Structure formats: structure tokens, C-alpha cells
Amino acid sequence: MASKKMAIIATKGTLDMAYPPLILASTAAALGWDVQVFFTFYGLQLLRKSLDGIKISPLANPAMPMPVPMPVVVQMLPGMESMATMMMKAKMKKKGVASLEELRSLCLEADVKFIACQMTVDLFDFEKSEFIDGIEYGGAATFMKFAGETDVCLFI
């Protein structure tokens, strides 16, 4: 019996949106599924060598639980994004949640195929040297062939 297949399109590069594609991809791969993740637009940030710039913003993120109610004007103040990122990373570490680097490594070790959108790489003038090793570059057509044959296809 052929293994199940999962295709994921990762379009966001913020801390809160970086976890879903990596958690789902690593879990599916651990279950023996054939998994590909297509990183496009801001999702390409997740393929950079350094993930230090990945942040979370409390602004325009109404579902984000805050330790105390915070007016929007306070969320706009300089430094709030960095503070929210620091607090979220500390909470994740305390709860034993894997880091983005760890999840990304797990995916690669489990043979999850990472595809960087070549059009987006060109659009933003990225250099391939900015990205981690072990990824492929291709356009939407490269990914669509696989996505069209999957059991599960997700847009994140």
C-alpha cells in the first residue's frame, strides 16, 4: 500500500505562523507520509540560515493571549513586538515546545522536501546562500504536480 501524501504551502514568516507547517510536516513524516512544503512569499523566511529575525506581533493579533489586557495603542509602541516575541519564546521553552530550528531539522532528517518558490526568491532579490542547505528551488508548477496527487493539501 502506498504511503499517504501531504502538501503544505507556507506563506507566513511570523513566529506564530511558522509553527503550524513545521509541526504538521514533521508529524506526517513521522507517520510515514511523503511530505512536501512549498515556501512562498514571507514563508521563505523560515528557510533562512538564521531564524533570529522571526517575531510575533501582538498588534492586529486579537486571538493572542496576553498576560494582562493591553490597549491597541500600547501594542503599537516600539519594542512591543520584541517583548511579545521574547515572552512567547520563554513560554514555549518552559512548556517544552521545540524551537523552530529543532522542528526544521526534524523535518529535514525525516526527508520532508522543502521547496523554495523561485519566483519569490527572484522577486525579493534573495541569494541562495541566504538559505539552509538541503532545500530545492522551483516554481508553482513544480509543487502542483505533487500537490495534485496528495491525500492532504494545506495552505498556511
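In this predicted model, E149 forms a salt bridge with K5, the closest N and O atoms being 3.5 Å apart, where a salt bridge is a side-chain nitrogen of Lys or Arg within 4 Å of a carboxyl oxygen of Asp or Glu. The pair links distant parts of the chain, with E149 in the loop between α6 and β5 (152–155) and K5 in strand β1 (residues 5–10), 144 residues apart; helices (H or I, at least four residues) and strands (E, at least two) are DSSP runs, numbered from the N terminus. Because the model is predicted, local features need pLDDT of at least 70 and side-chain atom pairs count only at pLDDT 80 or more, whereas totals for chains, interfaces and linings use all residues. Residues are numbered from 1 along each chain as its sequence is written, and side-chain values use heavy atoms, with hydrogens and water left out.

**Salt bridges**

- A search of the whole structure finds 4 salt bridges, and K5, K145 and E149 are linked in a network of them.
- E149 is partly exposed, with a relative accessible area of 43%, and K5 also counts as partly exposed, at 23%; buried means under 20% relative accessible area, exposed over 50%, and partly exposed in between (1.4 Å probe, protein chains only).
- The side chains of R48 and E130 meet in a salt bridge with an N to O distance of 2.9 Å, which links R48 in the loop between β2 (34–39) and α2 (72–75) to E130 in the loop between α5 and β4, 82 residues apart.
- E136 forms a salt bridge with K113, the closest N and O atoms being 3.5 Å apart; E136 lies in strand β4 and K113 in strand β3, so the pair ties together parts that are 23 residues apart in sequence.

**Overall fold**

- The chain has 6 helices and 5 strands, which follow the pattern β-α-β-α-α-α-β-α-β-α-β along the sequence.
- Buried residues make up 37% of the 156 residues in the chain.
- Of the contacts (heavy atoms within 4.5 Å) with a separation of 6 or more, 77% are between residues 24 or more positions apart.

- Helix α1 (residues 15–30) has 16 residues and reaches 23 Å from its first C-alpha to its last, close to the expected 22 Å, a span defined as 1.5 Å times one less than the number of residues.
- Just after α1, G32 takes a positive phi of about 90°, and just after α4, D111 takes a positive phi of about 65°.
- The buried residues of helix α4 (residues 100–109) are L100, L103, R104 and C107; they cover an arc of only 100° around the axis, which puts them on the same side of α4, the arc being that of the directions from the helix axis to the C-beta atoms.
- These buried residues of α4 pack against α1 and β3 (113–117).
- A147, found in helix α6 (residues 140–147), is buried, with a relative accessible area of 12%, and its C-alpha atom is separated by 8.2 Å from that of I8, 139 residues apart along the chain.

**Surface**

- The chain exposes about 9,000 Å², of which carbon and sulfur atoms supply 62%, with accessible areas taken from the Shrake-Rupley method with a 1.4 Å probe; for residues, only the protein chains shown count as cover.
- F41, Y42, M119, L123 and F124 make a nonpolar surface patch of about 490 Å²; patches are made of residues with over 30% relative accessible area and no salt bridge, like charges being joined within 9 Å and nonpolar side chains (Val, Leu, Ile, Met, Phe, Trp, Tyr) within 5 Å.
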